[in-house]
Amino acid sequence: MELPDFHIPHAEKIEWMIETNGWALEPVSHDAGTDPPTPAYAYTVGVPGLVGFPDIAVFWLTPSAASGLIGLVVDA
């Protein structure tokens, strides 16, 4: 069984996440080629409009873990 193609334009992905959750998460991969190396991180889009606080950045967590942590913060 072949899975359908879920690739959508980046802007549509962000819009969908904001419509679904009220905020979106944008993960950024680490870059070991820089000096010093750049860590992986994830940041939010839309948190200020949802709860009136600044967007959030989380470093060194997987996107899934960052999403869970940020979800707890936003819900609080």
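Which exposed residues does the face of H3 turned away from its buried side carry? That face carries Ser 64, Leu 72 and Asp 75, where exposed means over 50% relative accessible area, buried under 20% and partly exposed in between, with a 1.4 Å probe and protein chains only. This is a predicted model, in which local features need pLDDT of at least 70 and side-chain atom pairs count only at pLDDT 80 or more, while totals for chains, interfaces and linings use all residues. Residues are numbered from 1 along each chain as its sequence is written, and side-chain values use heavy atoms, with hydrogens and water left out.

**Helix H3**
- Helices (H or I, at least four residues) and strands (E, at least two) are DSSP runs numbered from the N terminus.
- The buried residues of H3 are Ala 66, Ile 70, Gly 71 and Val 74, and they fall within an arc of 135 degrees seen down the axis, so they line one face of the helix; the arc is that of the directions from the helix axis to the C-beta atoms.
- These buried residues pack against strand S1 (24-28), strand S2 (41-45), helix H2 (47-51) and strand S3 (57-59).

- Leaving aside neighbours within four places in sequence, Leu 25 is in contact (heavy atoms within 4.5 Å) with Met 17, Ala 42, Tyr 43, Pro 63, Ser 67 and Ile 70.
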